[in-house]
Amino acid sequence: MKTGKSNDNMIYDVIIYGASSFTGKLITEYFYINYPNSENFSWAIAGRNPEKLKATLNEIIEKNSHVISRKINLITADSNDISALNKLTCQTKVILTTVGPYAKYGSKLVQSCVSNGTDYCDLAGETQWIRKMIDMHQEEAEKNGSRIVHSCGFDSIPSDLGVFFMQREALKRFQQPLKKISLFVKAMKGGASGGTVASILNVIIEGGKNRDTAKIVAHPYSLNPRDEMTGPDKYDQRSSKYNETINAWTAPFIMAAINTRIVRRTNALLNYRYGKDFSYSESVISGKKISGSLKAKFLTLTIGLFYILSSISFTRKCFIEKLLPKPGQGPNAHQRKTGFFKLLLIGKTKDNQQLTIEVCGDRDPGYGSTSKMLSETAICLACDEVETKGGVWTPASALSEKLISRLQTKAGVTFKIL
């Protein structure tokens with residue numbers, strides 16, 4: 001077990017905050033089946049509404065009647081009540097939270113964790129909010145030993161740990177890092193995530209209201225340390241492009257806006273293990289020949305229209321918010337189980353030595369795989385011998401090999417050299 005903070009009030013290894021949300025229920029069920037409360041590992045669930053927490057727990061227990069039932073405690077705490085949050089975060093080594101959009105509901109919880117030296121992980125994909133948390137809490141987190149780890153779901157664990165895994169292998173094979181890595185979404189199946197949609201909409205709304213926020217979201221190195229926000233990358237792919245490396249057409253990947261920033265922050269936090277001239281990009285493979293070109297153009301147009309319509313209040317409320325899933329809505333059990341993702345990462349060294357890997361998940365990316373990835377991140381923070389000190393981290397810079405091992409053995413996420 002990790003030797004973390006210790007005080008008389010601490011009872012749990014992990015508390016799942018937002019357990020009655022769509023993703024929170026999946027995570028609670030994952031813990032219930034795979035990590036029963038015991039003398040060696042203890043966890044609880046928390047949220048704003050005690051009745052919803054009780055209903056969630058009863059539903060999970062009834063659904064999994066084959067599992068030996070053990071007592072699971074419920075804790076009530078509102079995301080705006082700092083006093084209640086302090087009582088919550090003092091009781092555990094790690095807070096796992098699914099309560100987003102985080103820019104609306106997450107700031108006080110991070111503040112409480114940092115103040116009390118509690119580790120923390122989330123699913124945040126909101127660049128402007130993560131930047132704010134870094135600026136507000138980096139110094140105090142270092143002092144108090146609180147490890148804050150953002151973006152621990154589909155955005156951005158496969159990207160971040162995929163690049164880390166790849167660079168580790170490159171250093172072994174070539175004795176040098178890969179100067180450039182391109183991630184391609186090869187295949188993906190799963191319903192849209194209401195929580196992800198809400199987070200993206202919140203980023204667009206905040207960017208539209210504040211020019212400085214818009215600049216942070218657009219800046220390719222916006223999550224790097226303040227005095228290190230430079231590098232070779234200028235912007236994410238914005239149009240359809242033919243990629244000669246894979247001989248196929250590609251389109252912009254909507255999650256690149258957060259994933260690329262997380263990967264670049266990892267590089268900076270690891271003292272530029274990938275090199276100061278490291279370049280990273282993400283896109284979606286749309287196919288070959290004319291059909292691939294047309295599909296790439298269609299995907300590009302769709303993303304462009306989504307951003308335009310979402311930035312206008314009338315069209316956002318009348319069309320986007322009505323047509324797309326809301327927080328708490330997502331794919332059904334069958335869709336989650338049959339969903340998957342396959343990511344192709346291709347990298348080259350300065351002298352053109354090439355390495356290719358594939359990162360795959362065995363459930364739909366937005367919920368099935370995400371819930372397992374966040375769960376294992378929290379357990380890794382709570383239970384594994386990780387030497388990372390306090391601060392605002394990324395998954396790869398904080399947990400690296402330990403988390404890769406957990407994801408491969410427990411969460412159905414594989415990292416394979418091709």
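In which sense, parallel or antiparallel, do β9 and strand β10 (residues 279-287) pair, and over how many bridges? The points below take up this question and then turn to helix α2 and the sheet on which α2 packs.

1. The model is a predicted one, and in it β9 and β10 pair in the antiparallel sense over 4 bridges. Within this pairing, Pro 252 has Ser 283 of β10 as its bridge partner.

2. Strand β9 also pairs with strand β8 (residues 241-243), to which 3 bridges join it, and these two strands likewise run antiparallel; here Lys 241 stands opposite Thr 250 of β9. The two strands make a hairpin with 4 residues between them, and in the turn Asn 247 has a positive phi of about 55°.

3. At its N-terminal end the helix is capped by Asn 49, of which a side-chain oxygen lies 2.9 Å from the backbone nitrogen of Glu 51.

4. The residues Leu 53, Thr 56, Leu 57 and Ile 60 of α2 are buried; viewed down the helix axis, the buried residues fall within an arc of 95°, so they line one face of the helix. Glu 51, Asn 58 and Glu 62 are exposed and sit on the face of α2 turned away from its buried side, while the cover over the buried residues includes α1 (22-34), β2 (43-47) and β3 (74-76).

5. An open sheet of 7 strands, with parallel pairing, runs in the order β3-β2-β1-β4-β5-β6-β13. Its edge strands are β3 and β13 (391-393), each of which pairs on one side only, and the twist from one strand to the next averages 20°.

6. Within that sheet, strand β4 (residues 92-97) pairs with strand β5 (residues 119-121) in the parallel sense over 3 bridges, and Ile 95 has Tyr 120 of β5 as its bridge partner. Helix α2 packs on the sheet, where it touches β2 and β3, and its direction makes about 160° with that of β3.

Key. Residues numbered from 1 in each chain as written. Predicted model: local features only at pLDDT ≥ 70, side-chain atom pairs only at ≥ 80, totals over all residues. Heavy atoms only, no water. Pairing = 2+ DSSP bridges. Buried < 20%, exposed > 50% of the residue type's maximum accessible area, 1.4 Å probe, protein only. Arc of directions from axis to C-beta. Contact = heavy atoms within 4.5 Å. Polar contact = N/O pair within 3.5 Å; in protein donor to acceptor, adjacent residues only side chain to side chain. Axes fitted to C-alpha atoms, helices over the stretch in contact; angles between N-to-C directions.
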